[in-house]
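I opened my notebook for another look at a fold, and these are the entries I kept. Have the viewer ready and follow along.

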Amino acid sequence: MESTDRMLAGELLRIKAVLLRPDQPFTWASGWKSPIYCDNRRILSDPSLRTKVASWLAEKAMELYPEAEVVAGVATGAIAHGVLAADKMGKPFVYVRPKPKDHGTGSQIEGVLPQGAKVVVIEDLISTGMSSLAAVKALREAGAEVLGMVAIFTYGFDVAAQQFKEAGVKLDTVSNYFALIDEATASGYVKESDTQVLKQWRENPSEWMK
């Protein structure tokens, strides 16, 4: 039976959520250059896959954190996915803005978050991990107990693993970069020459193309 990480990788390729541009690299918010871009927002436009991903996230969250009382999504990419997962789990949902809004209540966390609530965080994609951990920090400062984070996809960078370790946050994902490259290679989605570029980039992304 095919593993969940390879199944999701195959689905991401099917809906063309994975864009490859070795000759015209993407620039990330961190400033890194990348030959690949994974757009998990496309999942929301595919009803069948949207339901599968919500189930996978919910199942993993319930398996790992059965004591979770609240589900929190990281804005903006994980708001919809978090809502869908929370619905399947039958749990309250909140979402965390990148920073407090500059109008109205000035809230950074939207929704009802009881003091001391046990929270599982839902994220769509992990690259360096900085924005994801900023959400965890906001939840903790609001008095929540963050049990861990479940994400759809991770690039598996060492810098992210180190940051999560230092923050004391356990991270689990439905799929990952290695499963994606294996599936893309096996299905012929990428050429062998592109596969080598993708592996080289993954080894040292911050310095690639400098």
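**Entry: a charge and a ring.** I count a charge as sitting over a ring if NZ of Lys or CZ of Arg is within 6 Å of the ring centre and within 35 degrees of the ring normal. The model is predicted, so I kept that definition at hand. I looked up Arg21 and found its charged end over the ring of Phe26, 4.0 Å from the ring centre.

**Entry: the sheet.** I traced an open sheet of six strands with mixed pairing, and I noted the order as S7-S6-S5-S8-S9-S10. Strand S7 (109-110) and strand S10 (171-176) are the edge strands, each pairing on one side only. Next I checked S5 against S6: they pair in the parallel sense, over four bridges. I also looked up Val74 and found that its bridge partner in S6 is Val96.

**Entry: helix H3.** Which residues of helix H3 are buried? For residues 79-89 I wrote down His81, Gly82, Ala85, Ala86 and Met89. They cover an arc of only 130° around the axis, which puts them on the same side of H3. I then asked what covers the buried residues of H3. The cover includes helix H2 (47-64) and the strands S5 (70-74), S6 (93-96), S8 (118-126) and S9 (145-154). After H3 comes Gly90, and I noted its positive phi, near 70°.

**Entry: aromatic rings.** I found 13 aromatic pairs in the structure. For Phe153 and Tyr155 the ring centres are 5.3 Å apart and the planes at 90°, so I filed the pair as edge-to-face. Phe153 counts as buried, at 0% relative accessibility, and Tyr155 is buried with a relative accessible area of 2%. Tyr155 also pairs with Tyr177, this time tilted, at 5.9 Å centre to centre and 45° between the planes. Tyr155 lies in the loop between S9 and helix H5 (158-167) and Tyr177 in helix H6 (residues 177-187), so this pair ties together parts that are 22 residues apart in sequence. Tyr177 is buried, as is Tyr155.

Where do the ring pairs lead? I followed the links into a cluster of Trp28, Trp32, Phe153, Tyr155, Phe157, Tyr177, Phe178 and Trp201.

Definitions and conventions
Residues numbered from 1 in each chain as written. Predicted model: local features only at pLDDT ≥ 70, side-chain atom pairs only at ≥ 80, totals over all residues. Heavy atoms only, no water. Buried < 20%, exposed > 50% of the residue type's maximum accessible area, 1.4 Å probe, protein only. Helix = DSSP H or I, 4+ residues; strand = E, 2+ residues; numbered from the N terminus. Arc of directions from axis to C-beta. Contact = heavy atoms within 4.5 Å. Phe/Tyr/Trp six-rings, centres within 6.5 Å; stacked < 30°, edge-to-face > 60°. Pairing = 2+ DSSP bridges.
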